[in-house]
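Subject: Structure handover

Hello,

Here is the structure for you to look through. My notes on what was found in it follow below.

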Amino acid sequence: MRCDLFCSVVDNFGDIGICWRLARQLQHEHQWQVTLWVDDLVSFQKICHGINPDFATQQQQQVLIRHWTAVLPELSQADKPDLVIEALACTIPSCYLHWMASFTEKPLWLNLEYLSAEDWVHGCHALPSPHPQLPLQKYFFFPGFTPQTGGLLREQGLIESLTKTSATAELQQQFWCSLGLADAMDYQQKISLFAYSQAAIEPWLNQLAAAEQTTLLLVPQGQLATDLTQLFSELKTGRLDIKSLSIRILDFVPQPEYDKLLACCDINFVRGEDSVIRAHWAAKPFVWQIYRQDEQAHLIKLQAFLDRYLQQASEQQKDCLQKLHMAWNLEQDISEEFALFSNLTEQIQKHNKKWQEYLIQQQDLASNLVRFSENKLIMSRNFS
Ligand code: TRH
């Protein structure tokens with residue numbers, strides 16, 4: 001099977017993060033021949049260091065990467081894919097759509113949608129939508145947390161490998177050393193902090209600094225790291241130690257290393273759409289900052305997620321995680337909520353493990369997408 005996957009980087013790293021994972025999985029686990037069209041190779045390079053932003057075409061981990069620019073290169077019959085994926089509301093150029101429509105046996109066209117835990121997704125997943133002018137039909141493919149959706153991205157062997165890392169001090173030490181953090185294991189608590197801006201973060205940092213327990217707080221480069229550096233100028237060196245707290249600014253690491261980071265930390269603050277799912281696979285207590293939308297639409301999405309995720313949780317856990325998530329997403333001081341959360345981390349971790357067990361009983365997104373596409377292509381070839 002040949003697949004063209006189109007990815008436009010709107011901002012941040014979620015679009016390319018999701019597309020890059022999917023492309024690798026289709027190639028490595030399903031032996032599809034994948035071309036990933038990306039319009040921003042500089043962002044791509046941050047999460048895959050082998051990418052050269054100056055190349056129009058390059059091979060990376062057996063995936064063909066093509067720089068998607070305003071003018072597409074001339075395409076021939078030999079370039080025809082079986083499947084075209086339009087990821088996360090990017091718009092495929094009209095010349096490419098006309099090219100798709102020119103074939104007697106047309107490629108299958110999927111729109112890979114944004115993640116949502118809302119119920120309406122069940123009714124929309126896999127629905128067709130005819131193109132208004134061209135003889136083409138696209139299908140909506142929704143990721144999600146239930147069997148009535150397209151599922152979540154999860155590589156084969158991932159859970160086993162992360163569980164092993166979480167359980168083996170030697171593997172963790174190796175990992176910390178590879179990041180230049182040989183002293184990480186000396187801290188009683190390690191927190192990864194991947195978030196957008198947080199206007200009221202200072203009291204929480206003071207709380208961590210004043211605590212008896214020592215904390216290593218790892219902050220990837222980005223807006224929040226910049227904000228923290230403005231708050232504490234000593235952080236310009238990439239490190240700040242205040243009493244029990246040590247803050248370190250981290251360079252972006254490749255995706256598989258980021259997964260390990262989450263498995264090696266005790267608590268993970270995650271954001272957007274992809275790192276939150278990786279936090280599920282690490283199964284440690286996590287706090288999610290959802291990507292902001294106009295008119296607070298993201299809070300409805302966040303609530304739908306919390307309702308689903310916390311369905312089987314105790315009332316105490318529900319109350320604590322609900323309040324902490326709301327405060328974090330509203331950029332309020334979380335000191336009080338975090339103190340409660342800290343007391344419950346063991347129970348929350350158990351709950352997260354159960355939630356993970358429920359999710360991993362379901363087929364992963366790439367496998368669902370392969371089965372769906374192959375069935376549709378067989379049907380359309382039988383009828384033509
Ligand atoms: O970067 P994000 O905020 O991305 C967002 C969301 O996806 C949002 O829904 C989308 O609309 C917007 O982008 C355009 O957060 P997210 O989704 O977690 O993506 C980050 C990616 O970066 C993810 O694939 C993990 C990866 N990553 C690394 O590979 N290495 C790192 O060191 C870090 C910190 C992240």
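**The nonpolar cores**

The largest nonpolar core has 114 residues, and Leu36, Phe44 and Trp204 touch the most other members. A nonpolar core here is a set of buried Ala, Val, Leu, Ile, Met, Phe, Trp, Tyr and Cys residues joined through side-chain atoms within 4.5 Å. Buried means under 20% relative accessible area, exposed means over 50%, and partly exposed is in between (1.4 Å probe, protein chains only). Helix 1 (residues 14-30) gives this core its largest share, seven residues. Helices (H or I, at least four residues) and strands (E, at least two) are DSSP runs, numbered from the N terminus. At least three residues of the core come from each of domain 1 (2-152 + 363-382) and domain 2 (158-360); the domain bounds come from an automatic or database domain assignment. A second, separate core has 17 residues, among them Phe6, Val84, Trp99 and Trp109.

Before you read on: this is a predicted model, in which local features need pLDDT of at least 70 and side-chain atom pairs count only at pLDDT 80 or more, while totals for chains, interfaces and linings use all residues. Residues are numbered from 1 along each chain as its sequence is written, and side-chain values use heavy atoms, with hydrogens and water left out.

**The whole protein**

The secondary structure comes to 14 helices and 14 strands. Of the 384 residues, 56% count as buried. The C-alpha atoms fill a box of roughly 70 × 45 × 40 Å along the principal axes.

**Aromatic pairs**

The whole structure holds 27 aromatic pairs. Rings of Phe, Tyr and Trp (its six-membered ring) pair if their centres lie within 6.5 Å; planes under 30 degrees apart count as stacked, over 60 as edge-to-face and the rest as tilted.

Phenylalanine 6 and tyrosine 96 are edge-to-face, because their ring centres are 4.9 Å apart and their planes stand at 75°. Phenylalanine 6 is in strand 1 (residues 2-7) and tyrosine 96 in helix 3 (residues 94-101), so this pair ties together parts 90 residues apart in sequence. Both phenylalanine 6 and tyrosine 96 are buried.

Tryptophan 355 and tyrosine 358 are stacked, because their centres are 5.7 Å apart and their planes are at 20°. Both lie in helix 13 (residues 335-360), three residues apart, about one turn of the helix. Tryptophan 355 is buried at 7% relative accessibility, and tyrosine 358 is partly exposed at 33%. These two residues belong to one aromatic cluster that also includes Phe145, Phe286, Trp288, Phe305 and Tyr309.

Regards
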